[in-house]
Amino acid sequence: MTGPAGLPPLLIATSNQGKLREILAILDGVPFELRTLADFPAIDAPEETGRTFADNARLKALYYAERAGLPAVADDSGIEIDALDNAPGVHSARWHGTDYPTKFAAIYRELAARGLTTSPARFVAHVALADRGRIVAETTGVIRGEIAPQPRGTHGFGYDPIFYYPPYGCTLAEVDGARKAAVSHRGQAFTALRARLLSTLGASPPSKQA
Ligand code: IMP
């Protein structure tokens, strides 16, 4: 099946607008008609019951591919903080609610309870592409940094204001999207997926489900 532009469709299956913006920028120009969940308002989000980023990325990609009847790519990601035993991890989106100032306060409180003001931390992303009931590609990315002494910056989304990246000397919320994507977990994972889409998968693209 091809879309209006004569290209095979590919659903970017995320309802997180921050992620979506970054993914669309990285996949710009791939030979697929990129669709988003805005085209499928009737599809509810699945429960993310996996214990790992990989489990949840696969679960979401398979779920959305099946519901939409299109190849679908899903990103599961989060922040792991060493001093908090790698929390929030797969629970990053809902850990201490969904309000980021509240979440940041919880992180600083939990660090203070351990006598700390900072900790090594990393963002992790696992990306899965599903087509006709199978996972046909998977990529990953990790960026290592540390928890900033206080939130800084207005770019990006989520935990970016408290993620200090030493090579840049600032948080990921203090750089624009292109600079973040050049080093970020999602940048690595989707740059690798982009290469797959342009080579093997592009040569025999995932197709519409029967
Ligand atoms: P998911 O939808 O379960 O994958 O949740 C991902 C959550 O991890 C997001 O809602 C953010 O809280 C956090 N997260 C993932 N990637 C980033 C990022 O690039 N910057 C900031 N926070 C992120």
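Buried residues have under 20% relative accessible area, exposed residues over 50%, and partly exposed residues lie in between (1.4 Å probe, protein chains only). The views below show a predicted model, in which local features need pLDDT of at least 70 and side-chain atom pairs count only at pLDDT 80 or more, while totals for chains, interfaces and linings use all residues. Residues are numbered from 1 along each chain as its sequence is written, and side-chain values use heavy atoms, with hydrogens and water left out.

**View A. The shell of residues around the ligand.** There are 19 residues around the ligand, and those that come nearest are Lys19, Tyr100, Asp160, Lys180 and Arg186 (a residue is near when one of its heavy atoms lies within 4 Å). Two elements, strand E3 (72–81) and helix H5 (185–198), each supply at least two residues of this shell (helices are DSSP runs of at least four residues, strands of at least two, numbered from the N terminus). Strand E3 gives the most to the shell, with four residues.

View B. Histidine 185 instead uses its side chain, placing a polar atom 3.1 Å from a nitrogen atom of the ligand. The side chain of arginine 186 also has a polar atom facing a ligand nitrogen, at 2.8 Å. The ligand on its own has 490 Å² of accessible area, and the protein covers 95% of it (Shrake-Rupley method, 1.4 Å probe).

View C. With a relative accessible area of 67%, aspartate 85 is classed as exposed. Asparagine 86 lies in the loop between E3 and H3 as well, and, although not a glycine, it has a positive phi of about 70 degrees. Asparagine 86 counts as partly exposed because its relative accessibility is 35%. Further along, alanine 87 and proline 88 are joined by a cis peptide bond with an omega of about -5 degrees, and proline 88 is again found in the loop between E3 and H3.

**View D. Histidine 96, from the loop between E3 and H3.** This residue has its place in the loop between E3 and helix H3 (100–112). Histidine 96 is described as partly exposed because its relative accessible area is 38%. From histidine 96 to arginine 109 there are 13 residues in sequence and 12 Å in space, taken from C-alpha to C-alpha.

View E. Serine 119 belongs to the loop between H3 and strand E4 (120–131). Serine 119 is called buried because its relative accessible area is 2%. A polar atom of the side chain of serine 119 lies 3.0 Å from the backbone nitrogen of alanine 83.

View F. Serine 184 is found in the loop between helix H4 (177–183) and H5, and its relative accessible area of 1% is the reason why it is called buried. The side chain of serine 184 reaches the backbone nitrogen of glycine 187 at a distance of 2.8 Å. In sequence, serine 184 and alanine 65 are 119 residues apart, and their C-alpha atoms are 26 Å apart in space. Threonine 191, by contrast, has its place in helix H5 and is partly exposed, with a relative accessible area of 43%. Threonine 191 and alanine 68 are separated by 123 residues in sequence and, from C-alpha to C-alpha, by 24 Å in space.

**View G. Tyrosine 64 in helix H2.** Tyrosine 64 has its place in helix H2, which covers residues 53–68. Tyrosine 64 is classed as buried because its relative accessible area is 4%. Threonine 14 is 50 residues from tyrosine 64 in sequence, and 9.4 Å separate the two in space, C-alpha to C-alpha.

Technical notes
A polar contact is a pair of N or O atoms within 3.5 Å; within protein, one must be able to donate a hydrogen and the other to accept it, and residues adjacent in sequence count only if both atoms are side-chain atoms.
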